[in-house]
Amino acid sequence: MARVRCCTDLDKTVLTQNFDKRSWITVSPDEDWNFYWASVTTVRSIFNPANDHPRLTDNQVINHFPNHYELTRKDLMVKNIKRYRRELEKDGNMLAEKDDAGTHKYLDFIPVTYMMPADYNLFADDFRRDPNHTWIMKPAARAQGKGIFLINKMSQIKKWSRDGKSIPATAPTRETYVISKYIDNPLLIGGKKFDLRLYVLVTSFKPLKCYLFRLGFGRFCTVKYISSTNDIDNMFVHLTNVSYQKQSEDYNSIHGGKWSIDNLRLYLEGTRGKKLTDRLFDEMCWIIVHSLRAASAVITSDRHCFECYGYDIIIDDNLKPWLIEVNASPSLTSTTANDRIMKFKLINDILNIVVPNGDIPDIRNKFTNTTPEVLGNFDVLYDEDQACCELNDKDYREQKARGGIVPLVSKTGIALGKTKQASAWR
């Protein structure tokens with residue numbers, strides 16, 4: 001039997017060990033390959049019509065969609081979610097329903113956000129209406145916490161704006177930032193702020209098919225959270241990025257400032273109760289599915305492609321989850337022994353799904369063998385094809401008219417979510 005020919009331009013042990021485990025043949029990207037775990041730069045080049053790349057064949061799969069950045073650039077993610085809401089509202093879809101204050105009942109899962117410098121005046125008006133709130137500025141296309149800062153005075157944003165105007169006319173276009181209302185009431189554990197890193201595998205956007213990895217984790221700050229406006233410059237209090245927190249003298253290299261999803265869930269069930277905890281996790285599934293649907297209208301769903309996204313979600317002290325950003329290349333670097341085991345399993349389970357049985361891939365039968373054994377630690381989060389098949393045409397049309405897009409299906413075939421939101425889309 002012919003063996004899979006694989007390549008990668010990332011020097012990551014969890015990748016190479018998984019390739020070796022399957023006895024795949026490692027080749028150069030310039031040779032004939034069947035599986036390519038590539039950087040986003042490489043994928044951009046491969047799918048760029050201006051570059052002289054041969055067309056991918058039926059037995060080649062690669063780990064990014066051509067324009068994945070529609071979800072993973074901070075500004076484009078927000079833009080697409082806002083467009084998605086508007087389109088649903090225009091269609092009279094119940095999912096776009098708002099409360100008396102004008103807040104979306106079901107789709108309020110990103111903080112109020114503006115693009116800078118384009119939306120400077122809109123932001124300024126909002127800031128004047130609520131001058132006591134803190135805002136967080138992030139470069140739209142950078143990662144690992146680089147370039148992020150907090151502001152709570154107009155003078156700070158005006159200085160940023162003036163600095164930008166001082167750039168010579170011959171310089172490249174100024175970098176786009178997003179500015180969002182800071183979640184200043186985060187849920188704390190041990191007095192420290194944290195967020196969740198969840199892994200989501202997407203094998204198709206049209207129709208949408210996505211999977212949620214059960215072995216995500218919480219990422220904790222090394223310094224206890226202080227809501228005082230005097231401490232907005234201490235990023236060890238505010239940023240959960242491991243790449244940033246590793247620089248702190250309080251960083252613990254044994255546990256890496258991480259806590260497994262299972263432990264977090266047990267803690268929340270013990271402190272907040274099982275009902276509220278179940279609702280929180282249902283709402284996080286809701287966020288993921290709708291953010292993917294928001295991007296699906298514009299993402300090129302090339303059949304050669306799959307993608308493992310790193311979702312960053314923060315929970316406030318009311319147990320409301322907020323989508324912060326989506327990463328196209330979640331780190332495969334291992335910071336602890338548990339981290340290494342978890343990421344090895346992540347790659348192993350992805351390969352089992354996208355290269356069934358370790359055989360030469362064939363995109364004409366793309367990723368069809370998704371039995372519970374193949375899924376490993378993944379659960380099917382949403383399968384649009386299966387949702388259509390499980391309803392007859394009349395029921396499906398009626399549910400679509402009411403805003404429904406389910407059933408959401410899990411690995412066991414049991415519909416996910418029993419919250420008010422979830423029942424609203426059935």
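The axes of helix 9 (residues 261–272) and helix 10 (residues 274–296) cross at roughly 140° and come within 7 Å in this predicted model. Axes here are lines fitted to C-alpha atoms, for helices over the stretch in contact, and angles run from 0 to 180 degrees between N-to-C directions. Helices (H or I, at least four residues) and strands (E, at least two) are DSSP runs, numbered from the N terminus. Helix 9 and helix 10 are therefore oblique to each other. Angles under 35 degrees count as roughly parallel, over 145 as roughly antiparallel, 65 to 115 as roughly perpendicular and the rest as oblique. Helix 9 makes the contact (heavy atoms within 4.5 Å) through Ile 261, Arg 265, Leu 268, Glu 269 and Arg 272. Helix 10 contributes Lys 274, Leu 276, Thr 277, Asp 278, Leu 280 and Phe 281. By class, this contact of helix 9 with helix 10 has 5 nonpolar, 1 polar and 5 charged residues. Ala, Val, Leu, Ile, Met, Phe, Trp, Tyr, Cys and Pro count as nonpolar, Asp, Glu, Lys and Arg as charged, and the others, Gly among them, as polar.

Residues are numbered from 1 along each chain as its sequence is written. Local features need pLDDT of at least 70, side-chain atom pairs count only at pLDDT 80 or more, totals for chains, interfaces and linings use all residues, and side-chain values use heavy atoms, with hydrogens and water left out.

Helix 1 (residues 13–21) packs with helix 11 (residues 337–354) at an angle of about 50°, their axes 9 Å apart. That makes helix 1 oblique to helix 11. Among the residues in contact are Val 14, Leu 15 and Phe 19 of helix 1 and Phe 344, Ile 347 and Leu 351 of helix 11. The contact of helix 1 with helix 11 holds 6 nonpolar, 3 polar and 3 charged residues.

The largest nonpolar core has 61 residues. Such a core is a set of buried Ala, Val, Leu, Ile, Met, Phe, Trp, Tyr and Cys residues joined through side-chain atoms within 4.5 Å. Buried means under 20% relative accessible area, exposed over 50%, partly exposed in between (1.4 Å probe, protein chains only). Leu 292, Tyr 309, Tyr 311 and Leu 323 touch the most other members. Helix 10 supplies the largest share of this core, 11 residues. A second, separate core of 30 residues includes Trp 24, Phe 35, Phe 213 and Leu 346.

The protein chain has 15 helices and 16 strands. Of its 426 residues, 52% are buried.
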